[in-house]
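Subject: Structure for you to look over

Hello,

Here is the structure I said I would pass on. My notes on what was found in it follow below.

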Amino acid sequence: MIEVQGVSKSFATKDAGTVAALKDVSLEIDGKEFFTLLGPSGCGKTTLLRLIGGFEAPSAGAIRIDGIDVAALPPQRRPVNTVFQSYALFPHMTVAENVAFGLEMCRWPKADVDLRVVQALALVRLEGFAQRKPAQLSGGQQQRVALARALAPKPKVLLLDEPLSALDLKLRKEMQAELKRLQRETAITFVLVTHDQEEALAMSDRIAVMRDGLVLQVGTPKAIYDDPNCRFVADFIGEANLVPGNILGRDDAIFVAVRPERVTVTPRALINGHAVRARGEVTAVTFLGLDTLYEVLLDGVRVRARVRDTADPLRPGDFVAVNWPDTAERELRH
């Protein structure tokens, strides 16, 4: 559905120089896919979204949507709609008028507009809210109106620019499930921008991890979590222990990435001659409800172990053996 080929984007600076926001980015996004651009602030993910939407022009490279080169097309002529972080609802209009606005600008017949407004509000489960104003709605309801407005013209691609960042945690979790439901029901390609890795893991079919204007890795959430291709991806996606190779008697140019949930800790008194990968001292204990997070100091390196259902919790100062299976390791050289 979307082809990004060798795209770069630079912006002018106040001192007459330039700064590169994107550097030779190439990726493909399939039809009917929930695709996420993930990375820290300033990595270029929003710039890439704006290029796909037509709000910026690339400095180099090509962008195709459904096989059509869209470089010369303005936003309103692309088969794309956008949900912004701010929702951008018209405060003086009712919910129904907000949803109808884009259809009316496209000169849809009134009967078709009225029918599509009803359908779009039903899709986001706001059937009884058509005559309310945005100020009479909660944040989550306003987000649903913005989604209904964007979905009403039946675009081929829906762009989502950090749409959940203004919501509280509970509502954000609910809206994650709602967005995934909408994507499945509409079969529209969704492209989400977020810096929240948990959000990306929960919602996406595939993820592109970005940093400093580059795409570092593209893959399914499971593939990126289980098999990161570099130190940054391992550390940014979920939690990871990055153990220097020399601690484990390996090449000191590598790091070994191990997820905390794969690490086990055993009190020294219970080791009884069993094989031990490393020994250390518990320096911190954090109760997380279902899990307990232990930090263990191993020869100057802190390793985290996330342990479930521990009947006899360890305490800071306890000496322990630390182990993990070889299958939990990923060796990273950069």
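The charged end of Arg231 is placed over the ring of Phe255, 4.0 Å from the ring centre. A second case involves Lys9, with its charged end over the ring of Phe11 and 5.1 Å from the centre. Please keep in mind that this is a predicted model.

Aromatic pairs

There are four aromatic pairs in the structure. One of them joins Phe34 and Phe190, whose ring centres are 5.5 Å apart with the planes at 50°, so this pair counts as tilted. Phe34 belongs to strand 3 (residues 34–38) and Phe190 to strand 8 (residues 189–194), so the pair ties together parts 156 residues apart in sequence. Phe34 and Phe190 are both buried.

Phe232 and Phe236 make another pair, with ring centres 5.3 Å apart and planes at 15°; the planes are under 30 degrees apart, so the pair is stacked. These two residues lie four apart in helix 8 (residues 231–236), which puts about one helical turn between them. Phe232 and Phe236 are both buried as well.

Nonpolar cores

The largest nonpolar core has 37 residues, and those touching the most other members are Val99, Leu121, Leu147, Leu158, Leu160, Leu179 and Phe190. At least two residues of this core come from each of helix 2 (95–105), helix 3 (110–123), helix 4 (139–151), strand 7 (157–161), helix 5 (169–186) and strand 8. Helix 4 supplies the largest share, six residues. As background, nonpolar side chains in soluble globular proteins tend to be buried together.

What does Val99 contact, leaving aside neighbours within four places in sequence? The residues are Val117, Ala120, Leu121, Val145, Ala148, Arg149 and Ala152. There is also a second, separate core of 25 residues, with Leu22, Leu27, Ile52 and Leu159 among them.

Five strands make up an open sheet, ordered 13-17-14-15-16, with antiparallel pairing. Its edges are strand 13 (264–267) and strand 16 (301–308), each of which pairs on one side only. From one strand to the next the twist averages 45°. Within the sheet, six bridges join strand 14 (residues 278–287) to strand 15 (residues 291–298) in the antiparallel sense. Glu281 has Leu297, in strand 15, as its bridge partner.

Regards

Terms used
Residues are numbered from 1 along each chain as its sequence is written. This is a predicted model: local features need pLDDT of at least 70, side-chain atom pairs count only at pLDDT 80 or more; totals for chains, interfaces and linings use all residues. Side-chain values use heavy atoms; hydrogens and water are left out. Two strands pair if DSSP finds at least two bridges between them. Axes are lines fitted to C-alpha atoms, for helices over the stretch in contact, and angles run from 0 to 180 degrees between N-to-C directions. Rings of Phe, Tyr and Trp (its six-membered ring) pair if their centres lie within 6.5 Å; planes under 30 degrees apart count as stacked, over 60 as edge-to-face and the rest as tilted. Buried means under 20% relative accessible area, exposed over 50%, partly exposed in between (1.4 Å probe, protein chains only). A charge sits over a ring if NZ of Lys or CZ of Arg is within 6 Å of the ring centre and within 35 degrees of the ring normal. A nonpolar core is a set of buried Ala, Val, Leu, Ile, Met, Phe, Trp, Tyr and Cys residues joined through side-chain atoms within 4.5 Å. Contact means heavy atoms within 4.5 Å.
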